[in-house]
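Open your viewer, colour the model by chain and get ready to click along. Each stop on this tour tells you what to select and what you will find there.

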Amino acid sequence: MNRRLARVTPGRIVALAALVLLALEPTLAPYIHVDVTIVSAALLFTIAALSANLLLGYTGLPPFGNAAFFGLGAYGCALSIKYLNVHFFTATIFGMLAALLGALIVAPFLVRRRGIYFGLLSIAFGQVFYFIAYRFTDVTGGEDGMAVTRPYLAVSTFTLKETAFYYLSLVVFILSILAFKAIVQSPFGRTLVAIRQNEVRVRYLGLDSNRFVFVAILISALFAGLSGALSALLNGFIAPLQLDWHQSGDFVLATILGGSGTVWGPLIGSIIFVIGRDIISTITPYWQIFIGALFVACVLGFPRGILGTILARFGAAPLSNEPEEANWTQSPAIAVDHHG
Amino acid sequence: MGDKFLLEAQDVSKYFGGVHACEGVSLGVREGSIHAVIGPNGAGKTTFFNALSGFYYPDHGRVFFGGEEITRMPNWRRIERGMSRTFQTPSIFPELTVYDNVMLGVRSKAGIAFHARTPSGEQQAAHERRIDELLGFVNLVRFKERPVAELSHGSQRLCEIAMSLSTEPRLVLLDEPMAGLAESETERIISVIRGLHDRLGLTVLFVEHNMRVVLGLADRITVLDRGRILAEGTPSEIAANEAVRDAYLGKEVLEHV
Amino acid sequence: MLEHVGPQLFNGLVLGAFYAIVAIGLSLIMNLTGTINMAHGSFMTLAGYLAFSMIARGTNFWFAFLVAPLLAVLVAIIVERTLIRPLYGRDPVYSLLLTFGLSLIAEELFHVVWGANTLPFAPPAALGGTLALGFMNFPVYRLFIVIVLVFAFGLLGLFLYRTRFGLRLRAAVQDSEMIAALGTNTQLLYTINFGLGILLAGIAGVLAVGLLGLNPTTGNTLLMPAFVTVIIGGMGSLYGSLVAGVLIGVATSLMTLYVPAASEVVIYILMAVVLTIRPRGLFGEEGLFG
């Protein structure tokens, strides 16, 4: 199927342009007053938003416990550096494994729930991890959080450190989005989409939907854990508040703002959210009102999100003969009522 | 008794908050037959269907399929065993094309629905042929690329039937296949149902309350009334049955029988 | 240690009553319209602040105690009509996000108007001190809380099960469409239901600030446990929320006595245990919300 790779769609052009822009960001930074650290943060935030997107936009489940996986990734990474003195990449892997472990514990409780029940339970379990991080002061530093010393990255000199980290984040981001795309275009991913639209029918086609949900939760945790680990390394710091479900809400907001159910929506939403929050907080101490207003405005006026609205306006083309091309042309995910 | 019938229900009862929706219903569907379950509204037909197909489990009684007890078997497993069903409101994937709607069942049968790897070119081509075959049976090939939401109610129902065939069932359960259809569309569904039996050799169990249609289509009829079996037999036996006429009293259709 | 158990049990009862009343308010709203009200805590805090301001302007406690919750209900009705109504029938995710956004706005607004510090909110002198009953001394204010909340539960029960309107409400939870077809103004019903839930929250809010202190996040500290209460009690069951609330309150209190570090997580452990043994909660209805 070589023609798939060679096809030039408007979507691909825009994606390529975005990537070029991102690649040039360190040189552009002084001119647009957006420095690399904040864009790194936005890219890593996107990975966490993708984790929420997989559950919300594709499977149709409200993922309000993902901050816990993010936090497990962060603490897993930090603790492995502190106690095991590991290398940069190993620490990240440790973080992801910690998140995966958390998911394995929590998923059996979540897997049979849908709708509100799933949402509330995911918040509740997320809070357990939050309290553990808060209480185990000896290990995690408690409320004040924990400093993370960034292991020396082999190929950077001291002055380029932030920029080197930025390129690392960019590479990880690109890999993540490619992985995400591969997952949602795979038969597994297509089944998740079907579950969102009509779970009963999926079961009556001979598929155990719970199995799919279970794995989706695990994959989601891995993405969130990756985001958490690298964020800890970026900031040199983690605190229990990053596991609080408010953080989960932020991931979900970024997804919905950009367009849930699309591959690139979370990137758009994350950039707006992270950079926007940064800018507004320098203008007023009451930036939280604006975040709150954004939630309200987005839910009421903009449920499809930016990318979703664009796709809808230009007529979401029907899926082609090659279902594998679904990500750009798939109609955006407007949650519909699920069957039992 | 167990191996004569492809599907057998023994004394199936289901209660909802103290009200019996169906009670003590026993029924046997012979392989290769078209069996109808009829009754006035509220007779418990869909409840019975739901218990048979695993939408929920009966409070009392047992269900057998191909000799194997399936009373509490998860619904998706029953599909693996060779059952399939349609619903009163066509249960399809509203945001996908007709093609993608049928694709999932094909992939499920091929055992690749859970895979992360996209199917090879050869596999994909085989699946596409199968989809064309299924859509051809219900005459929807020309709508293959259309979003299923754009189709008429009747065409959506045909799409659903194609989907229920994609898992290669032995038995197809159709819940009020004629519901909400115009007269012209009804004829088409009838011929498709007959085709399921005559051309594909499938066993069909369907729920309906249009007596005229049922008498013309079914080999065997079970009549339910208020959750219990009222009568069972061949179409001529049922048409002559006094109790059945009473239950349907006032229904215009019966006068034409 | 044993002489501490009595008072802790009583504290647990008080805490449990709070959890229960907040949970029941949440439940009422959730059961009828599928709205997850993440701003429930904000309404509690609002009632507390309004009471505080009224008292600061010279009204007496009892007046503020009666009026503040009603003012909160007024705000709630406006919010419901403008912001929440458009979301009925949509996925609960949206109401969760919207009300979450509202809680962020509310918290910041409280900060702007009343400042970030905890404000002194002392119950009136009449409710101060302790009362010796039998073998134990009961703080009068806590006794007052228990009495008020029990009274509130009783009134609610009477309303739901002995009045025509309550009947309509319960019927609407079962089948909104049917009730609408029978001529009931369901939109009005939803609004009143929401107001009722917030009334309970407002009462709890005014009572709670005398105990927990008054700052922008007071209400939110009761919110998560209230959600867990709803889960443990079972979705769709008000009685379940009542029982679960008391259960959780007592468990938390006793845990503070014996294993303080675990006192915050004990409710989640309880939740995990209950869900493993009985997935739909203690009194939950099968199939409701999955």
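Start by selecting Val223(B) in this predicted model. Is Val223(B) buried or exposed? A residue counts as buried if 20 or more other C-beta atoms lie within 10 Å of its own. Val223(B) has 25 other C-beta atoms within 10 Å, so Val223(B) is buried. Show the secondary structure, and you will see that Val223(B) sits in strand β9 of chain B, which covers residues 220-225.

Now display the residues around it. Leaving out residues up to four places away in sequence, Val223(B) touches Ile38(B), Gly39(B), Leu230(B), Ala231(B), Glu232(B), Ile238(B) and Val244(B). For a residue elsewhere in the chain, select Arg107(B): its C-alpha atom is separated from that of Val223(B) by 37 Å, and the two residues are 116 apart along the chain.

**Next stop: the two domains of chain B**

Where they meet, 11 residues of domain 1 of chain B are in contact with 11 residues of domain 2 of chain B. Which helix gives the most to the domain 1 side? Select residues 183-198 of chain B: this is helix α6, and it contributes 5 residues. By class, the domain 1 side that touches domain 2 has 7 nonpolar, 2 polar and 2 charged residues.

**Next stop: a sheet in chain B**

Stay in chain B and look for an open sheet of 4 strands, in the order β2-β1-β4-β5, with antiparallel pairing. As a reminder, strands of a sheet pair through backbone hydrogen bonds, either parallel or antiparallel. Select β2 (19-30) and β5 (68-69) of chain B to find the edges; each has a single partner strand, so one side of each is left without a neighbour in the sheet.

Move on to strand β1 of chain B, residues 5-16, which pairs with β4 of chain B, residues 60-65, over 5 bridges in the antiparallel sense. β1(B) is also joined to β2(B), by 8 bridges, and these two strands run antiparallel. Click on Leu7(B) to see both pairings from one residue: Leu7(B) stands opposite Phe65(B) in β4(B), and its bridge partner in β2(B) is Val29(B).

Follow the chain from β1(B) into β2(B) and you will trace a hairpin with 2 residues between the strands.

**Next stop: where the chains meet**

Show all the chains again. Which chains share the most contacts? Of the 2 pairs of chains in contact, the answer is chains A and C. That contact takes 34 residues from chain A and 38 residues from chain C. On the chain A side, highlight α6 (115-135), α11 (245-258) and α13 (287-301), the elements that give two or more residues each. The largest share, 11 residues, comes from α6(A). The side of chain A that touches chain C has 23 nonpolar, 7 polar and 4 charged residues.

Turn to the contact between chains A and B, where 23 residues of chain A meet 32 residues of chain B. Select α8 (161-185) and α9 (187-203) of chain A, which each supply at least two residues to the side touching chain B. α9(A) gives the most, with 9 residues. This side of chain A has 12 nonpolar, 7 polar and 4 charged residues.

Chains B and C have no contact joining them, and their closest C-alpha atoms lie 10 Å apart.

**Last stop: two helices in chain A**

Hide the other chains. Chain A has 15 helices and 2 strands, and 55% of its 340 residues count as buried. Select helix α12 (residues 265-283) and helix α14 (residues 305-313) of chain A; they pack at an angle of about 135 degrees, with their axes 7 Å apart. α12(A) and α14(A) are therefore oblique to each other. To see the contact itself, show Gly265(A), Ile268(A) and Gly269(A) of α12(A), along with Gly305(A), Ile306(A), Leu307(A) and Gly308(A) of α14(A). By class, this contact has 3 nonpolar, 4 polar and no charged residues.

Note on methods
Residues are numbered from 1 along each chain as its sequence is written. Chains are lettered from A and ligands numbered from 1 in the order in which they are written. This is a predicted model: local features need pLDDT of at least 70, side-chain atom pairs count only at pLDDT 80 or more; totals for chains, interfaces and linings use all residues. Two residues are in contact if their C-beta atoms, placed from the backbone, lie within 7 Å. Ala, Val, Leu, Ile, Met, Phe, Trp, Tyr, Cys and Pro count as nonpolar, Asp, Glu, Lys and Arg as charged, and the others, Gly among them, as polar. Two strands pair if DSSP finds at least two bridges between them. Axes are lines fitted to C-alpha atoms, for helices over the stretch in contact, and angles run from 0 to 180 degrees between N-to-C directions. Angles under 35 degrees count as roughly parallel, over 145 as roughly antiparallel, 65 to 115 as roughly perpendicular and the rest as oblique. A residue is buried if 20 or more other C-beta atoms lie within 10 Å of its own, exposed if 12 or fewer, and partly exposed in between; C-beta atoms are placed from the backbone.
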